[in-house]
Amino acid sequence: METLLELRDIHHWYGGFHAVDGVSLNLAQGEVLGLLGPNGAGKSTTMRILSGALVPTGGRVLIQGLDMARQPLQTRRLLGYLPEQPPLYPNLTVDEYLTFAARLRGVPRRQRHGALATAKEQCGLQDHGRRLIGHLSKGYQQRVGIAQALIHRPALVVLDEPTSGLDPNQIREIRDLIRGLGEDHGVLLSTHILPEVEMVCDRVCIMDRGRLVFSDRLDRLRGRNDGLLIQLQQPPPLEQLQQLPGVAGVEPLGEGRFQLTLDEDADSAVIAERSVRNGWILRELMPRRRNLEQVFVDLTSGARAA
Amino acid sequence: MLAIALKDLRGLFLSPLAWGLMAVMQLLLAWLFLVQLEGFLELQPRLAAMAGSPGVTGLVVVPLLDSAAVVLMLLVPLLGMGAFSREYSAGTLDLLLSSPVSIPRLVLGKYLALLTVIGLLWLLTALMPLSLLLGTRLDLGRLAAGLLGLGLAAAAYGAVALFFSSLTRQPAVAAVASYGLLLLLWLIDLAGGDLLPRLALGARYRHLLEGLVLSGDLIYFLLLILAALLLTMRRLGDRRLQG
């Protein structure tokens, strides 16, 4: 896949505070990347840097191979950005505001009308064009903020906590919208809601105290086997279990339950078949998967304790 | 650039502030104008007897323009105070900074919007002395010089207000700071010496009111505007670096 966005060793200092410490990441066209992290981990700073609103103290940002520091106007034309606080003017109507956003991003006059209609439709704002932004509810304001980021059909969409402050229905709608966007734009979103990342993103990066501590595809995270949990009614001695093909370690949990650590190429079907053949009476066999929450807690709280 | 100017103009005219300021200014100046005119009419018989006496231009128009410059000094900072500070506090500056618009264009767009409103105020002021043309003859050269001076001074007020607006999130602080600097510049020639009177805004404006168009004075106003705008651009560039 074509690389859309590349961050190379980004550093940022606020006075003496090292907010972003050597972050490098890539985003491909058509990919939704979730940036996770506890509050104050440097997510928003990173987002602001790659939106061009903040110049990093060190490192490079490349969008479609163009260096943001050297060609600021061309690169900024390629991206749409929703800051943490949606950048709205309460005394403009939705149409006026989106027209302004389109002009600001250099959408040619002829295409402006169409761009406006498409963005409003994508964000469910068709009936709100003439309402004043200041009179809209928080959820609709958030949608206007997203529409503003999409109006010039940018290659890269950067959304900073797009679902904050919304009710559950609105959150679902926005998530569907983001998933839809991932089909033809590259999307980078930051959040601290873990299920959101699991539902929406292809890949996840976790930041903690300015560093990127984890980056992997979600399907790989889901597919990774961290072992098996089995329950046997008539368990054999521990050594017999250890000798099963693919089993690296066994840990008894009591009441016939065992936690098996597996080799890379282990096959749980073989283990099930053996236990049946040996008459151990298999009651339960459950693969233990690392989920995102575990990874998140391990990485971010572990680092803090150290 | 134009998009920003139009957006700001819309913002200014959608708020009651611009309308209120225009109304207040018209009221004050119209009252001053009528007082001056009445005084002139009382004096007129005696003036007619004197040779080389100041005419209606000197006795009505010049004092009016003199007060207009002071009234505008009070009003223009109020118009310009929100230009950037409101963008800061609403978080909308990130929208402007992340869009493909360079900082000079951003600043010029904002200044253009401010100049448009200032131009409107200037036009409203100019109409009062011009209305005298219905009944009498004016020294048009002197009037033109005075109006040029008023326009330049108001444009300089606007640039200064824009600069202070880029320094703070709070519009009121920006307005107060602009008053401070402008009043200081207006009054700085109260002190003697060689250098300070050269910086005085009021004295230079009075040259123009006397019909004296000196290139040094024009350059003074243009430099003041340029310096304020360049400092504003510089300040926004710094903001992008520091966050």
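Guide: A residue counts as buried if 20 or more other C-beta atoms lie within 10 Å of its own, and as exposed if 12 or fewer do; please keep in mind that the model before us is predicted.

Visitor: Which residues of helix 8 of chain B are buried, and which are exposed on the other side?

Guide: The buried ones are Pro171(B), Ala174(B), Ala175(B), Ser178(B), Leu182(B) and Leu185(B). They cover an arc of only 100° around the axis, and therefore sit on the same side of helix 8 of chain B, while Ala172(B) and Leu184(B) are exposed on the other side.

Visitor: What do the buried residues of helix 8 of chain B pack against?

Guide: Their partners in chain B are helix 3 (56-80), helix 4 (82-90), helix 7 (140-165) and helix 9 (201-209).

Visitor: How should I read the packing of helix 3 and helix 4 of chain A?

Guide: Two packed helices are described by the angle between their axes and the distance between the axes. In chain A, helix 3 (residues 94-104) and helix 4 (residues 109-122) pack at about 120°, with axes 10 Å apart, so helix 3 of chain A is oblique to helix 4 of chain A. Their crossing is right-handed, and Asp95(A), Leu98(A), Thr99(A) and Ala102(A) of helix 3 meet Arg112(A), Ala115(A), Leu116(A) and Ala119(A) of helix 4.

How values were computed. Residues numbered from 1 in each chain as written. Chains lettered and ligands numbered in written order. Predicted model: local features only at pLDDT ≥ 70, side-chain atom pairs only at ≥ 80, totals over all residues. Helix = DSSP H or I, 4+ residues; strand = E, 2+ residues; numbered from the N terminus. Arc of directions from axis to C-beta. Contact = placed C-beta atoms within 7 Å. Axes fitted to C-alpha atoms, helices over the stretch in contact; angles between N-to-C directions. Parallel < 35°, antiparallel > 145°, perpendicular 65-115°, else oblique. Left-handed = near helix turned anticlockwise from the far one by under 90°.
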